[in-house]
Amino acid sequence: MASVIPVIFILVIVLGLMTCGFLFVPKGPNQTTIRTAIMLTFASCYLMWMVTYMAQLHPLITPYRSTKAGESL
Amino acid sequence: MGDDYPTLFRSEQMSLMQFLIPTEVAHDTVAELGELGNVQFKDLNPAVNPFQRSFVGEIRRTEEMTRRVRFFESQIQKEKDVVPIRPLYDSAPLLTVGPSAAHNIDELDVTLAEHEKRLVQMNDSYKTLSERTRELVEARHVLRETAVFFEKAETQHTDIRTSFDDSSAPLLQHDDREQQYSSTVQFDLEFIAGTIDRTRISTFERVLWRVLRGNLYMNHTDITEPFVDPATGTETRKNVFIIFAHGDALLAKIRKVAESMGATLYPIDANADKRSDSLREVTARLEDLETVLYNTGLNRRSKLLKIGENLARWQDVVRKEKAIYETMNLFNFDVRRKTLVAEGWVPTRDLTMIQLALRHATEASGTSVVPILHELRTSKTPPTFTRTNKFTEGFQTIMDAYGIATYQEVNPGLFAIVTFPFLFAVMFGDIGHGLIIFFAALYMIYQEKKWAKQELDEILGQFFYGRYIILLMGIFSVYTGLMYNDIFSKSLHIWHSGWDFPEPGSNGVSYAVSNGHMYPFGVDPAWHGADNGLVFTNSYKMKMSIVLGVIHMTFALCLQLPNHIKFKRPLDIYANFIPQMIFLQSIFGYLVVCILYKWSIDWSTRDTEPPSLLNMLIAMLLSPGKVDANAQLYPGQSFIQVVLLLLAMVCVPWMLCMKPYFQWKEIQMIQGQGYVGLNHHNGGHRESTDEVLESEEEGNGRVIVEEMEEEHEQHDFSEVVIHQIIHTIEFCLGCISHTASYLRLWALSLAHAQLSEVLWSMTIEKFLGMSGIFGTITLAIVVVFWFSATVFILCIMEGLSAFLHALRLHWVEANSKHYQGEGYLFTPLSFAKLDEKE
């Protein structure tokens, strides 16, 4: 059965990746830019995935299709 | 700052530098600094009229040169055959610095004047010659046509008179015809020949008829080729006419009428021999004129070609010289030290570069006196300078369009690099469309170097300027497309779907059954095509918009903190930031938590019905403390909601009162210590104490001009209170309206998905079933139509729409939480930027 565990699991992974991104970007004129970009990308992509995943964990409605005459599923 | 590297997080630290430049080196120094592009000079002579400044003469000279260069440019552009202009990067540079500089400029001035004179001369002679040619051509036509008239009359005449006259015999049998020009006795018919505009010919005839009471015979024919006016290029059509009449009075009248109607009269002889002589003469002259005209044309063209070789170079030099002298007009001449004094803003990081440039300038000019540089202390706000590269430039520009950041406040452009494309993609999510704009951006980046040199037209230029933004928008759109599971309105079945559809029941409806799988990445494809697919998608997208919105606003609110810390405003942290955060989180943060919580519960195992979150929030605000046990989300809800509501309510007076109170106490304290209100006299007078003068001797600079352009904050108490009231109301109402505003993320993505689906179902889907050659061809045509509609409507139109809305979210919803935006842009003297301005 689907549970919330993967959400937390992926959260931990993403936090780890963000930390790596923070620590391992080489010094240079673009360090801040690259760091910020990497961290924000991970954060926003995770957020969107998390919301999508959780919305489908325990859905309150089930999909249904009605077939029209002559059309197959 | 001044440490290792510049960042986009804040604008650069600037210093106000004073330059002491010896007059001999001034021109070269400014040229060098202009090439560097790092100094924004202040105007040290604000009260001086532009016509009274020191370098007015030089500017006038460069203006003349600019005018001449522009004249050449317009002449070259008017040429029908393109005259190539050698581009700047290909031309040899003209030295404008160093010992030979003045000589080069003078030489250039002379050359330009000479070229202009010759060109104008050639143009004039060309015009005169063309006029002459036209007249001769008309004369030739007249001669030819009148010959036809006379021949016709001749044949008719011989019919009547049956004479065996020679064809060269005069029209009328009159011996002394050839000597006389004016007629004497009865049957003499004089004639007047000429040309007139075709449009006027009928009026002409009518007027003549009335004036001469019908005592004339007129004949006219068209001249087939139109006459082209060389100056304007307009074509006029003319007719040749010949009028026969007798009597001096009549002829005089005809001549007057003809002149008034704008006809040109030509003297034609009645004698055929003489006529053919004149024809031959006219033709000969015409040929000569044509040769001269042709040669003049060739000459002019060769001159223009030569000018074209040098034009770009001249334009560049003239532009730079003008900029240099305009800048030098901003300097102040210090009589005591006999140098020019300049003040300018310089990024602190670039000081060594500037010093090197100054040294280089003196070496190049050959003198040994180096300009002196020192830093000035000032209380004025420096300009805002954010160092960008070709990637970050686009993002910084779209955020700067809202307002330039205050000096050294947190720069929202840095975060916009990711949040802007991301929010765009939430509204645009489609893998296929994302790929289209991604490849379009990739193409533009591939052609970067070539297109940067060309003059792109306005619209394409805008897209090209934002190519990196579009690239990121495309990448994120592919990701959100994967999330929404939408590629050109179809869905992908990459993993195992969580729903199985059994055979349809008696009413033809098939209800899906959950099979325990969880679609791991994105929306389950079972929802695509389901009748209630939209119900699910809408709920999902709306909640996602609120979640993303509240998180974005919280993030923007937190950006206040670094600003308060940097500018040492601890009061703002306690009086603004904390209550704002509490207010936002206690209502909308709580809503987000409830959304996530409600999703994480398996409602089939609970007794209660899942409550509507919207009703829950409304009830929390309207009837706090009363939560129906059947509709509660979690136990203890009513208590927690009351606490949160109280917290939010406490924040409002907190925001309203704390800061004004502390500022009032501060004013009391200052007044109590006996000082008059601060900043009342920041006027012009400066104390010239001994100490200050002495330090000036040592070379410490003083700011020459203190302009009172800035209004310092009024410590007037009423202003503070009003400001805080507005701020509080704006924030509290803004919280609600901005949160709702984020629902546009849902609205636009819904519109996009629906448009995409409609396009597919109305075009390709209808033609998929057709078979045979005819079917294939029709399908191909429909596919082309579908693809172009996809690109133009879905990618470009929807893309622009989503771009606009994402930008609005950044400007209004996010920036209002932290951004002051009261800075002014750093506009250095930069020769490279002069190019862009043109």
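User: Is Cys45(A) buried or exposed?
Analyst: Cys45(A) is buried, and its relative accessible area is 17%. Please bear in mind that the model is a predicted one.

User: Changing topic: how many helices and strands does chain B have?
Analyst: Chain B has 24 helices and 14 strands. It comprises 838 residues, and 45% of them count as buried.

User: What is the accessible surface of chain B?
Analyst: The accessible surface of chain B is about 44500 Å², and carbon and sulfur atoms hold 59% of that surface.

User: And what share of the contacts in chain B joins residues 24 or more positions apart?
Analyst: Among the contacts in chain B with a separation of 6 or more, 80% come from residues 24 or more positions apart.

User: Now the interface. What area is buried between chain B and chain A?
Analyst: About 4300 Å² is buried between chain B and chain A, and carbon and sulfur atoms give 73% of this area. Several elements of chain B each supply at least two residues of the side that touches chain A: helix 9 (412-428), helix 13 (467-484), strand 13 (509-511), helix 14 (533-558) and helix 16 (570-600).

User: Which helix of chain B gives the most to that side?
Analyst: Helix 14 of chain B gives the most, with eight residues. In total, the contact takes 59 residues from chain B and 37 residues from chain A.

User: How many salt bridges and polar contacts are there across it?
Analyst: The count of salt bridges between chain B and chain A is zero. For polar contacts, the rule finds 12 residue pairs across the interface, with both residues of each pair at pLDDT 80 or more.

User: Can we look at Thr392(B)? Where is it found?
Analyst: Thr392(B) is found in helix 8 of chain B, and at 4% relative accessibility it counts as buried. Leaving aside its neighbours within four places in sequence, Thr392(B) is in contact with Thr33(A) of the other chain, as well as Leu8(B) and Ile417(B).

User: What separates the C-alpha atoms of Thr392(B) and Leu414(B)?
Analyst: A distance of 8.0 Å separates the C-alpha atoms of Thr392(B) and Leu414(B), and the two residues are 22 residues apart along the chain.

User: What follows helix 8? Where is Gln408(B) found?
Analyst: Gln408(B) is found in the loop between helix 8 (392-400) and helix 9 of chain B. This residue counts as buried, at 7% relative accessibility.

User: A word on backbone angles: what is phi of Arg213(B)?
Analyst: Phi of Arg213(B) is near 50 degrees, a positive value in a residue other than glycine. Arg213(B) lies in the loop between helix 4 (201-211) and strand 4 (217-222) of chain B, and it is exposed, with a relative accessible area of 70%.

User: And Ser489(B), what is its phi?
Analyst: Ser489(B) is not a glycine either, yet its phi is positive, at about 70 degrees. It lies in the loop between helix 13 and strand 12 (499-500) of chain B. Ser489(B) is buried, with a relative accessible area of 4%.

User: Last one: where does Asn45(B) lie, and what does it touch?
Analyst: Asn45(B) lies in the loop between strand 2 (40-41) and helix 2 (56-78) of chain B. Its relative accessible area is 13%, so it is buried. Not counting residues up to four places away in sequence, Asn45(B) touches Arg53(B), Asn329(B), Leu330(B), Phe331(B) and Asn332(B).

Terms used:
Residues are numbered from 1 along each chain as its sequence is written. Chains are lettered from A and ligands numbered from 1 in the order in which they are written. This is a predicted model: local features need pLDDT of at least 70, side-chain atom pairs count only at pLDDT 80 or more; totals for chains, interfaces and linings use all residues. Side-chain values use heavy atoms; hydrogens and water are left out. Buried means under 20% relative accessible area, exposed over 50%, partly exposed in between (1.4 Å probe, protein chains only). Helices (H or I, at least four residues) and strands (E, at least two) are DSSP runs, numbered from the N terminus. Contact means heavy atoms within 4.5 Å. Accessible areas come from the Shrake-Rupley method with a 1.4 Å probe; for residues, only the protein chains shown count as cover. Buried area is the accessible area (1.4 Å probe) that two parts lose on being put together, summed over both. A salt bridge is a side-chain nitrogen of Lys or Arg within 4 Å of a carboxyl oxygen of Asp or Glu. A polar contact is a pair of N or O atoms within 3.5 Å; within protein, one must be able to donate a hydrogen and the other to accept it, and residues adjacent in sequence count only if both atoms are side-chain atoms.
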